[in-house]
Amino acid sequence: MTVVAMHSQLLDDDSSRPASQDAIRTAARKALTDLRFVIQLAEDAPRGTEVPSGDLAAAIEEATEEFQAAGHPVVCDGDPSDESIPRGAEIILARIVRESATNILKYAGPGEVRFVLRSDPESIALTIRSPQPTTPRRDLPSTGTGLNRMAERVLGVSGEFTAGPVGSSWLVSVRLPVADTPSESAKLSPGEPSDS
């Protein structure tokens, strides 16, 4: 909204008007997208509960500490504090990280966990790679609920989501559009605690 306010002051200048109009249009679209995410979060949260933080850097830091405590080396390739990441996308990615962390701590075998974060003007992508167990954890059967929740959050904003084995690893891959489009519903599923 600060960008909108700044550029609105330049609209009377013929030379800067086209660039200011574009900047206002882009900033307003992003602000509306983020506002819809926040409203949906507030509506979906149970009464009397606090909406979980959408801080991606904090989510990765928390997960890293948990993985290292469990004996997993961790690599983070990319900048989760990048200010160009839209707030709506950051909220979804933070939830993906937390959901994936629960699954990794429950099911992963020994080895490295790797986060890779990439962004461009059209999209932002996150992959989380973890080692598969050498033998299945039959004492911890999976209901698939966590994967379904992750997929719903991503697909609900016209993103792409895959999760499954790749070689000896388990790979969660997410790609989210950066710009709002008419096809986006901007819906976000409730933030129930993970039980996957």
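1. Buried here means under 20% relative accessible area, exposed means over 50%, and partly exposed is in between, with a 1.4 Å probe and protein chains only. Helices (H or I, at least four residues) and strands (E, at least two) are DSSP runs, numbered from the N terminus.

2. Please keep in mind that this is a predicted model: local features need pLDDT of at least 70, side-chain atom pairs count only at pLDDT 80 or more, and totals for chains, interfaces and linings use all residues. Residues are numbered from 1 along each chain as its sequence is written, and side-chain values use heavy atoms, with hydrogens and water left out.

3. After H3 comes Gly 71, with a positive phi near 95°.

4. Next, follow strand E3 (residues 123-131), which is largely enclosed by the rest of the structure, since 7 of its 9 residues are buried. E3 runs antiparallel to E2, joined by 6 bridges, and the two form a hairpin with 3 residues between them. E3 also pairs with strand E5 (residues 169-177) in the antiparallel sense, over 9 bridges. Two strands pair if DSSP finds at least two bridges between them. Ile 128 in E3 stands opposite Phe 115, and the bridge partner of Ile 128 in E5 is Val 172.

5. How many salt bridges does a search of the whole structure find? There are 6, a salt bridge being a side-chain nitrogen of Lys or Arg within 4 Å of a carboxyl oxygen of Asp or Glu. One of them joins the side chains of Arg 118 and Asp 77 at 2.8 Å, N to O. This pair links distant parts of the chain, with Arg 118 in strand E2 and Asp 77 in strand E1, 41 residues apart. Arg 118 is partly exposed at 44% relative accessibility, and Asp 77 is partly exposed at 29%.

6. Glu 99, Arg 149 and Arg 153 are linked in a network of salt bridges. The side chains of Glu 99 and Arg 149 meet at 3.0 Å, N to O. Glu 99 lies in helix H4 and Arg 149 in helix H5, so this pair ties together parts that are 50 residues apart in sequence. For Arg 153 and Glu 99, the closest N and O atoms are 3.5 Å apart. Glu 99 is buried at 4% relative accessibility, Arg 149 at 8% and Arg 153 at 1%.
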